Amino acid sequence: QVTEWRKLRDEVTVSKDGVHVELAANIGTPNDVAGVLDNGGEGVGLYRTEFLYMGRDELPSEDVQFNAYKTVLEKMAGKPVVVRTLDIGGDKELPYLVLPKEMNPFLGFRAIRLCLDRQDIFRTQLRALLRASVYGDLRIMFPMIATLMEFREAKAVLLEEKEKLVAEGVAVSENIQLGIMVEIPSTAVLADQFAKEVDFFSIGTNDLIQYTMAADRMNERVSYLYQPYNPSILRLVKMVIDAAHKEGKWTGMCGEMAGDATAIPLLLGLGLDEFSMSASSILPARSQLAKLSKADMQELAAKALDMQTAEQVVELVQAIHA
Ligand code: PEP
Ligand code: MG
């Protein structure tokens, strides 16, 4: 099987009936890019920039960040690279950024909420990204967007920094796609509104599941409620994909679900355009997708959306292998 996967490394990802989907990788540092290319990744679907901020005793400077982003873009040699702006808070803390303790950190002051408040931190990152944008196909993504106003505000800050750089004579790409993570149910529900303003969506199922089911993704006691295959999750995913397509935009997924062999047939059927996963899952996923017909999976997904429980959905998917 491993040799079969190797052969697939330099091929694009197509379903049995010839539909292309993109298989990208999640990375945390520039060093991870080698593994992405080695496993035939068609892009980076999620660069978690938190790691740049962790393991040091002060905020990373604009130049430190610029170098990291430039390195990733250069190594990816023109393939798409989706960089997520800082998603700190929740379970992720920074020693040099002292924030008040919260009752519910996952529902608290994190990610874009923190960045819109601490604009010094946000603007430094955006400037580094904008400067790096000329070295490849950079796409910028905001995490934990809950309202249209947050997206508009974050976009306005980005455009301000871009104008400043241009005025300073710094080269900035004119083709940076700007998207959001869909990981809060309010945003999935209003996806039709968001789709008119963003260039793309990336569904963050790790958080979308925990917020939809109200089940902490770290809490063993309620892990039985953390259900990727719950029809409610599948319906939200469908709403997001359909909303994007209606506006001619694309939808990816960068939560764990995107690389899950049981979810892949359903996601293909729901029309997902880009699957972003750990690099080691790419070749198995490409091999799996080559054996699935999208037309058949559309029928499967339609049935799954009408199921009542996650267990029924899993049985439905397992039946296609039997
Ligand atoms: C997600 O929420 O699905 C996601 C990809 O982001 P993170 O796991 O970093 O919260
Ligand atoms: Mg998340």
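Predicted model: local features only at pLDDT ≥ 70, side-chain atom pairs only at ≥ 80, totals over all residues.
Biologist: How many strands does the closed barrel have, and in what order do they run?
Modeller: The pairing in the barrel is parallel. From one strand to the next, the twist averages 25 degrees. The order is 1-2-3-4-5-6-7-8, and the barrel is closed by eight strands.

Biologist: What does Val240 touch, leaving out residues up to four places away in sequence?
Modeller: In soluble globular proteins, nonpolar side chains tend to be buried together. Beyond its sequence neighbours, Val240 touches Val182, Ala188, Ala191, Phe201, Ile203 and Thr251.

Biologist: How are helix 4 and helix 6 oriented to each other?
Modeller: Helix 4 spans residues 62-76 and helix 6 spans residues 119-132. Their axes lie 8 Å apart, at an angle of about 40 degrees. Angles under 35 degrees would count as roughly parallel, and 65 to 115 as roughly perpendicular. Helix 4 and helix 6 are therefore oblique.

Biologist: Which residues of helix 6 meet helix 4, and what is the hand of the crossing?
Modeller: The crossing of these two helices is right-handed. Helix 4 brings Glu62, Gln65, Phe66, Tyr69, Lys70 and Leu73. Helix 6 meets them with Thr124, Gln125, Arg127, Ala128, Leu129, Arg131 and Ala132.

Biologist: How is helix 10 oriented to helix 11?
Modeller: Helix 10 takes in residues 205-213. Helix 10 and helix 11 pack at about 125 degrees, with axes 10 Å apart. Roughly antiparallel would need an angle over 145 degrees. That makes helix 10, relative to helix 11, oblique.

Biologist: Which residues of helix 11 make the contact with helix 10?
Modeller: Helix 10 passes helix 11 in a right-handed crossing. From helix 10 come Leu208, Ile209 and Thr212. From helix 11 come Ser232, Ile233 and Leu236.

Biologist: Is Ala77 buried or exposed?
Modeller: Ala77 sits in the loop between helix 4 and strand 3. Its phi is positive, about 45 degrees, although it is not a glycine. Ala77 has 11, so it counts as exposed.

Biologist: Is Ala111 buried or exposed?
Modeller: Ala111 belongs to helix 5, residues 111-117. It too is not a glycine, and its phi is positive at about 50 degrees. The cut-off for buried is 20 or more C-beta neighbours within 10 Å. Ala111 has 26, so it counts as buried.

Biologist: How far apart in space are Arg113 and Glu247?
Modeller: Arg113 is found in helix 5. Arg113 counts as partly exposed, because it has 16 C-beta neighbours inside 10 Å. In sequence, Arg113 and Glu247 are 134 residues apart. In space, C-alpha to C-alpha, the distance is 27 Å.

How values were computed
Residues numbered from 1 in each chain as written. Chains lettered and ligands numbered in written order. Contact = placed C-beta atoms within 7 Å. Pairing = 2+ DSSP bridges. Helix = DSSP H or I, 4+ residues; strand = E, 2+ residues; numbered from the N terminus. Axes fitted to C-alpha atoms, helices over the stretch in contact; angles between N-to-C directions. Left-handed = near helix turned anticlockwise from the far one by under 90°. Buried ≥ 20, exposed ≤ 12 C-beta atoms within 10 Å, placed from the backbone.
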